[in-house]
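Please read them with the structure open.

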Amino acid sequence: MLLPATSSPLAASRAATYLPAFTGVRALAAYLVFLHHFNPFQHSAALAPLAALVLEFHVGVPVFFVLSGFLITLRYGNAPLTQPRQWLRYLRNRFARIYPIYFLLTLITYAVFWHRGIFYPTELVQSITLTQAFFDSTKYIGIAQAWSLTVEECFYLCAPLAFWLLRKRLMPLWAQPFGLLALGCLLVLVCAPFYTPLQGLFGSWKFMLLFTFPGRCFEFYAGIQLALLYQRGQLRRFRFRATWTLLGLGLMLACVCGMVLIKGGYTYGQEHPLGVVLNNVALPGGILLFFAGLLTEETMLRRLLSSELLQVLGKSSYVFYLIHMGVLHDWLAAHVSANTGILFLLLNLLAILLHYGVEEPVSRWLRPAPEPAPTLSVPA
């Protein structure tokens, strides 16, 4: 008789790797970035220590990066991405996930710029192609926070090569981020003397370490490492059920407090040389431990992150991240309310409407259809 075989890795990957708590984490990360940009304690002298702590909530971005490394490895780590057809399907899936809503919001942003008389076609091209964050002088043009999408897209392009190197045992996992960092350092040495003509392309150590994939790759590789441990069943389960969770949250908090303490004359603690290490290396370790807790421990936090409300907020968090700062936020602040709490609620509502009304339907339409499962002929 004929039995359906298991569908292809790319076809089954999304359903097989859906982890509700990690959808809730996406909302948490987006809200950390919102608080970083709109610090509710910044004008209170009595709450200055709390304001200094919230100022370092840019750490929501590393949470996104570690999560990307983890989920991409779970979904595609064993897929035959070296085959041209599968590689193209992978890229189409990634394009459908990231680009459509970003493209729409970018057009809206530059339409507003044109109305204000500050429209520059070259900047529109850079924003649409997600190349703006390769350059120090243009990293914040358009949707300012979209610089992180350039880093994300670089990871998407490099991930198949990373997986291939691991399968062929040509380069161990621990060595790959150091190789990428070395490449980033080489690019700075070559490009920095030509900062102005190259518009800051890898124009400084600070820019490379904080805004480029070679500088931020340790975060993605922390996610890859976690995915491999999870797939191999190597995550230890402790008798005290919140061990990983508390260790991870403790290390994350320690890194944030460390950046507060060493900030000095820098705008943010992550800009201090030691702060770079805390943000780019130590913090991803804490996020890895926290995620390990979400995978192996039944805690109140995991139940909260898996709740129905957090699923809705998590699924719409990408839209929230794109609109939480920029022309839509500014319009709401000018015409509805400038109160940070009210703006937070309105932006979430708008993000939910855009996700379910635009982002999800368009993404579903653009994704390649699942490949039909082959049939295996076996004796009846």
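1. His324 lies in the loop that joins α15 (317-323) to α16 (327-335); helices here are DSSP runs of H or I with at least four residues, strands are runs of E with at least two, and both are numbered from the N terminus. The model is a predicted one, in which local features need pLDDT of at least 70 and side-chain atom pairs count only at pLDDT 80 or more, while totals for chains, interfaces and linings use all residues. Residues are numbered from 1 along each chain as its sequence is written, and side-chain values use heavy atoms, with hydrogens and water left out.

2. Is His324 buried or exposed? Its relative accessibility is 0%, so His324 counts as buried (buried is under 20% relative accessible area, exposed over 50%, partly exposed in between, with a 1.4 Å probe and protein chains only). Not counting residues up to four places away in sequence, His324 touches Val33, Phe34, His37, Phe38, Gln145, His329 and Leu347, where contact means heavy atoms within 4.5 Å. The C-alpha atoms of His324 and Glu219 are separated by 23 Å, and the two residues are 105 apart along the chain.

3. Helix α7 covers residues 147-167, and its end C-alpha atoms are 31 Å apart; this agrees with the 30 Å that its 21 residues should span at 1.5 Å a residue. The expected span is 1.5 Å times one less than the number of residues. A kink of about 40° lies at Cys158, shortly before Pro160; the bend is the angle between axes fitted to the seven residues ending at a position and the seven starting there. Arg169, which follows α7, has a positive phi near 55°.

4. How do α7 and α10 (residues 213-231) cross? Their axes come within 10 Å and cross at roughly 55°, the axes being lines fitted to C-alpha atoms over the stretch in contact, with angles from 0 to 180 degrees between N-to-C directions. The two helices are therefore oblique to each other (under 35 degrees is roughly parallel, over 145 roughly antiparallel, 65 to 115 roughly perpendicular, and the rest oblique). Residues making the contact include Trp147, Phe155, Cys158 and Phe163 of α7, and Phe213, Phe220, Tyr221 and Leu228 of α10.

5. Helix α5 (residues 84-116) has 33 residues, which should span 48 Å at 1.5 Å a residue; its end C-alpha atoms are 45 Å apart, in agreement. α5 has a kink of about 40° at Tyr99, shortly before Pro100.

6. Thr106 of α5 counts as buried, at 1% relative accessibility. Leaving aside neighbours within four places in sequence, Thr106 is in contact with Leu124, Ser127, Ile128 and Ile143.

7. Most residues other than glycine have a negative phi. Leu130, in the loop between α6 (121-128) and α7, has a positive phi near 55° and is buried, with a relative accessible area of 8%. Gln199, in the loop between α8 (175-191) and α9 (205-211), has a positive phi of about 60° and is partly exposed, at 37%.

8. Ala254 is in helix α11 (residues 243-262) and is partly exposed, with a relative accessible area of 44%. Ala254 and Ile323 are 69 residues apart along the chain, and their C-alpha atoms are separated by 30 Å.
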